[in-house]
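User: I'd like to learn how to read a few features in a protein model. Could you take me through them one at a time?

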Amino acid sequence: MKKHRLLLVDDEPELLAVNKECLEDEGFQVFTAKDVLQALMFLESEEIDLVISDMCMPGLSGSDLLQRINAKGLDADVMFLTAYGTVENAVECIQNGASDYLLKPFDLVQFLRKIRQVLAGREKRLRMANKGKSLEAVLAFGKTLSRQSSMKNFIRMLIVEMRKVFSPQGIVLIMPSIKEGDPVRRLSLGPLVTNSPDWIEPLGARVCALSEAAILSCEYLSLCSPELDGLGISGMCAPLRTPFGRTGWVLVLRDGQSPPYLRDELNLLSLYTAQAANAEENRRVKQRLEDMSLEVVMSYVTAVEAVDVYTRGHSERVGNFARSLGQELGLSTHELEQLYFAGLLHDVGKVSIPHSILTKPDRLTDEEFHIMRKHPEWGKKILSSISSFRELVPIVLHHHEHFDGSGYPQGLQGEDIPFLARAISVVDGYEAMTSNRAYQAARTPEQALAILEKGAGSQWDPDMVAVWTKVVLRMLEDERCCA
């Protein structure tokens, strides 16, 4: 057990020596200082639990010592030894943050009782502070976990946190099944549990039969397998319990060279697993909502394409083209997802355009063209109502802007047009030109690239056109090689 560290401050060397010897006999680690300045120098370089100082000393007093400890933010409790004539000063020091005082003369029993009372209060206060910090860390971890979009990242972050906080030599994750009847997923990591030792399976079965978090003593683990008997392995486990009744478990294990886990650590593990279970359920719910939202919006796309046979598959092809362009541009995974979904949904606003205008084989009138140009704004309204697609709104809204500012709906120019909208504009134009439409026959890829090149700098971003040209030429070369 760690010894408490005490600093005695007194200008009487004989008294310092006597008190030091008595306290060391009681198991304390004791240091001494002959005045306030020496005490402060020591406190700035060493960790001290309790300063025991005489109230009256030549030069700076005990009150001055307390004032400077507070001003420097030093972490040590302070107790004063005082005569009857300075009790008032001692009381004032209590009001300014001192822990206690003791009247002279005193006996050893009184002295030790006061010291232990102060140290007990300090330990309780530090435990409360550490619990507060731990709770903040757990809540922050839960928020971070909730933002993970994949199970792989979720598990990786959970393992990293368990290693950092609990220092185990083995971790076993038993993840809850997604649906009733699905197999339980188990993952074992660390030197104690690698290569699937025979005792992992029976241990997992025993843990899953528990109802609450538990310390896994050496004796308990020995019941799982005789080979563990005498090895001193211990651990703890806590449930990953979701609101829908699905339960997994987290096990952390230590070998006999490490101290066994304590109740406070088990309580902390339970906080972590509760946050992890909530985060995982939130992640699944979010994914289900996004899937449902995409199904709803894609039903709009299907409705648009059902009206006009010539546009069937257009949105899917634009999404795939956009992703290919994004890969060539070196975009992040998240940006590639944005491009793909924006490609799928860029024309969703056309669901609000009359059938007669969408399928008209002749040139549109000015009024009809004005209505057709409204589809990016109607697309914005549709996507803005679904939180998971709001980041796609600028791309969909501005995919008909022209690089020279002659496009719609806002006449943005150059780099004022969102970067991903400029990408969608190029692949949307290419796909439209290479597909059969009511108003024109499909052009060859080479013809479409020539039109893009001609419009680079006016309708389209010239850099996007150059990169897309590389992508198309490579696709054409691959097709020729496979033919």
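User: Which residues make the nonpolar surface patch of about 230 Å²?

Analyst: Quick ground rules: this is a predicted model, where local features need pLDDT of at least 70, side-chain atom pairs count only at pLDDT 80 or more, and totals for chains, interfaces and linings use all residues. Residues are numbered from 1 along each chain as its sequence is written, and side-chain values use heavy atoms, with hydrogens and water left out.
A patch is made of residues with over 30% relative accessible area and no salt bridge; nonpolar side chains (Val, Leu, Ile, Met, Phe, Trp, Tyr) are joined within 5 Å, like charges within 9 Å. Areas come from the Shrake-Rupley method with a 1.4 Å probe, and for residues only the protein chains shown count as cover. Here Leu135, Leu139 and Leu271 make the patch, about 230 Å² of it.

User: Is Leu139 buried, exposed or partly exposed?

Analyst: Buried means under 20% relative accessible area, exposed over 50%, and partly exposed in between (1.4 Å probe, protein chains only). Leu139 has 40% relative accessibility, so it counts as partly exposed. Leu139 is found in helix H5 (residues 108-146); helices here are DSSP runs of H or I with at least four residues, strands are runs of E with at least two, and both are numbered from the N terminus.

User: How many aromatic pairs does a search of the whole structure find?

Analyst: Rings of Phe, Tyr and Trp (its six-membered ring) pair if their centres lie within 6.5 Å; planes under 30 degrees apart are stacked, over 60 edge-to-face, and the rest tilted. The search turns up 9 pairs. Take Phe166 and Tyr272: their ring centres are 6.0 Å apart and the planes sit at 80°, so that pair is edge-to-face. The pair links distant parts of the chain, with Phe166 in helix H6 (residues 151-166) and Tyr272 in helix H9 (residues 263-307), 106 residues apart. Phe166 and Tyr272 are both buried. For contrast, the ring centres of Phe341 and Phe389 are 6.3 Å apart with planes at 55°, so this pair is tilted.

User: Now salt bridges. How far apart are the closest N and O atoms of Lys164 and Glu161?

Analyst: The rule is a side-chain nitrogen of Lys or Arg within 4 Å of a carboxyl oxygen of Asp or Glu. Lys164 and Glu161 come in at 3.5 Å. Both lie in helix H6, 3 residues apart, about one turn of the helix. Lys164 is exposed at 60% relative accessibility, whereas Glu161 is buried at 10%. The structure holds 17 salt bridges.

User: What does the salt bridge of Arg422 and Asp461 tie together?

Analyst: Their side chains meet at 2.8 Å, N to O. Arg422 lies in helix H16 (residues 419-433) and Asp461 in the loop between helix H17 (445-455) and helix H18 (462-482), so the pair ties together parts that are 39 residues apart in sequence. Arg422 is buried at 10%, and Asp461 at 6%.

User: Last topic: do strands E9 and E10 run parallel or antiparallel?

Analyst: Two strands pair if DSSP finds at least two bridges between them. E9 (residues 234-241) and E10 (residues 247-254) are joined by 8 bridges and run antiparallel. Gly235 stands opposite Leu253 in E10. In E9, 7 of the 8 residues are buried, so the strand is largely enclosed by the rest of the structure.
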